[in-house]
Amino acid sequence: MNFKGRDIISIKDFSKTEIEYLLDYTQKMIPYANGEKHTNVLKEKILCSLFFEPSTRTRLSFESAMNRLGGRVIGFAEPSATSQKKGENLADTIRMADSYSDAIVIRHPQEGAARLAAEFAKAPVLNAGDGAGQHPTQCLLDLFTILMEKKKIKGNNVVLLGDLKYGRTVHSLAYALSMFKADLTFVSPESLKMPKEVINECKELGVEPMSTTSLEKAIKDADVLYVTRIQKERFPDAEEYNRVVGSYKVDSTLLKQAKENLIVMHPLPRIVEIDPEVDKTKHALYFKQAFNGVPVRMALLSLILGD
Amino acid sequence: MKELKVTPIKDGTVIDHITPGRALKVLRILKIPESTSSVVSVAMNVSGKMGKKDIVKVENRELDPKELDKIALIAPKATINIIRDYEVIKKHKVVLPDEVVGIAKCSNPTCISNAREPVESRFHVIGKDPPRIKCYYCEREPEDITEGII
């Protein structure tokens with residue numbers, strides 16, 4: 001399987017076999033990701049990291065991944081000190097970044113920005129989140145986390161909770177989990193329901209997702225609870241946000257009703273949706289999930305840029 | 001007295017069986033009148049064998065049927081007739097291409113294709129009857145295709 005020079009824009013650009021290959025390759029990266037072993041396979045390679053929107057985990061884990069592979073990183077973490085501030089369009093910024101580096105990672109507030117970047121760059125482009133659109137590396141690390149904990153993806157009852165309307169991770173994840181034939185339950189406030197087109201995509205892949213507003217009902221049969229933050233920045237008005245923020249809270253009382261081996265995941269940052277008391281329980285997987293961003297991104301970078 | 005609402009043309013192109021009410025949008029897609037100085041007649045809500053329809057006639061100009069395929073986006077049942085000396089010499093039913101570029105705006109206001117970038121709008125055709133399109137950039141599917149016509 002050849003990933004050399006490939007753009008990573010959307011999880012939908014991958015076949016199931018390719019995802020399986022990537023997840024398998026990711027596992028091999030773990031000792032390098034946690035510093036047990038060392039490698040220099042990407043020595044002399046430069047990754048240009050363009051973050052037009054705030055990020056902690058995605059940016060740091062991309063940088064860590066590139067450094068762990070022996071490569072270098074240039075770029076910016078917020079656009080205010082760049083020519084974007086002077087009114088430069090994205091296409092020109094990308095042309096410039098392309099000439100300075102061997103690969104580009106981009107996060108941008110507008111949907112489709114990474115696809116556009118890939119059109120203007122000769123170097124491969126990795127999408128680190130485009131507005132409410134796609135976030136393929138997050139999706140891969142989520143799949144990897146489930147696979148590592150549950151040993152398979154198929155047949156697990158995965159509950160996606162929270163902002164299912166604006167949340168980019170849940171859209172890609174619902175699609176990918178359907179490819180792997182997981183059972184899906186969507187839990188959200190009425191106003192933040194999973195968009196119809198995502199539900200239709202799941203159905204086209206042979207999965208019939210359940211939808212409910214009741215977390216208490218859904219938690220009992222869940223194998224994986226994937227919690228998301230209600231994202232203030234994606235709401236068109238503050239009033240709508242205030243109506244739904246704090247709709248759900250995952251705490252030890254709720255988890256008493258859950259299966260013994262339920263895992264709780266979250267793309268982070270969390271605000272109020274998971275009580276810190278959950279951190280100490282065996283259910284909490286979100287910090288391990290965040291670590292998994294490093295081996296996943298190492299696998300991608302080495303396959304795209306390596307010899 | 002019998003009145004002929006739509007007169008035949010001697011030479012040119014007739015776009016027939018346009019979804020009623022959509023003739024003006026068809027003209028917009030074809031960039032008419034900017035793209036031609038020929039006489040253009042438009043008839044709307046004309047009764048035909050299969051109910052009401054719109055018709056567009058462009059005189060003295062044979063439009064390329066392939067070029068006209070993109071109107072299938074909003075008029076999937078349209079037919080293109082090339083007329084010479086009052087005779088139909090070529091008839092072609094529009095077929096939606098796999099990709100449409102530069103004729104519809106993405107309905108997602110935060111799609112990068114709506115920003116100040118040097119790209120044209122671009123859609124993958126994911127269904128032909130009824131027509132369904134998905135933005136190449138943001139992957140969203142507009143609910144009403146006709147609203148986005150540029």
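Predicted model: local features only at pLDDT ≥ 70, side-chain atom pairs only at ≥ 80, totals over all residues.

**Entry 1: chain B, overall.** I started with burial in chain B: buried residues make up 36% of its 150 residues.

I then went through the secondary structure. Chain B has two helices and eight strands, and along the sequence they come in the order β-α-β-β-α-β-β-β-β-β. The radius of gyration of chain B is 16 Å, close to the 15 Å that the globule rule gives for 150 residues, so chain B is as compact as a globular protein of that length. I also took the box along the principal axes, and the C-alpha atoms of chain B fill roughly 55 × 30 × 25 Å. Of the chain B contacts with a separation of 6 or more, 63% are between residues 24 or more positions apart.

**Entry 2: domains of chain B.** How does the domain assignment divide chain B? It gives domain 1 as 12–93 and domain 2 as 99–148. I looked up the spacing, and the C-alpha centres of domain 1 and domain 2 of chain B are 23 Å apart. Eight residues from domain 1 of chain B and eight residues from domain 2 of chain B make the contact. I sorted the domain 1 side of that contact by class and got five nonpolar residues, three charged and no polar.

Entry 3: Next I followed the strand pairing around E7 of chain B, residues 122–128. E7(B) runs antiparallel to E8(B), residues 131–135, and five bridges join the two. They form a hairpin with two residues between the strands. I picked out two pairs across it: B:Lys128 stands opposite B:Pro131, and B:Val125 stands opposite B:Ile133.

Which other strand did I find bridged to E7(B)? Strand E6 of chain B, residues 99–101, is joined to E7(B) by three bridges, again antiparallel. In that pairing, B:Val101 has B:Arg122 as its bridge partner. A reminder for reading side chains here: in a regular strand they alternate between the two faces of the sheet.

**Entry 4: where the chains meet.** I counted the residues on each side of the contact between chains. Chain B puts in 16 residues and chain A 13. The chain B side has nine nonpolar, three polar and four charged residues.

**Entry 5: chain A, overall.** Chain A has twelve helices and nine strands. Its radius of gyration is 19 Å, close to the 19 Å that the globule rule gives for 307 residues, so chain A is as compact as a globular protein of that length. Its C-alpha atoms fill a box of roughly 55 × 45 × 40 Å along the principal axes. Buried residues make up 51% of the 307 residues in chain A. Contacts between residues 24 or more positions apart are 74% of those in chain A with a separation of 6 or more.

**Entry 6: A:Arg168.** A:Arg168 lies in helix H6 of chain A, residues 168–179. Is A:Arg168 buried or exposed? I found 22 C-beta neighbours inside 10 Å, and the cut-off for buried is 20 or more, so A:Arg168 counts as buried. Leaving aside neighbours within four places in sequence, A:Arg168 is in contact with A:Gly129, A:Ala132, A:Gly133, A:Gln134 and A:His135. I also checked A:Glu111: A:Arg168 and A:Glu111 are 57 residues apart in sequence, with their C-alpha atoms 10.0 Å apart.

**Entry 7: helix H7 of chain A.**

Last item: H7(A) is followed by A:Gly206, which has a positive phi, near 90 degrees.

Terms used. Residues numbered from 1 in each chain as written. Chains lettered and ligands numbered in written order. Domains from an automatic or database assignment. Contact = placed C-beta atoms within 7 Å. Nonpolar A, V, L, I, M, F, W, Y, C, P; charged D, E, K, R; others polar. Helix = DSSP H or I, 4+ residues; strand = E, 2+ residues; numbered from the N terminus. Buried ≥ 20, exposed ≤ 12 C-beta atoms within 10 Å, placed from the backbone. Rg over C-alpha atoms; globule rule 2.2 N^0.38 Å. Pairing = 2+ DSSP bridges.
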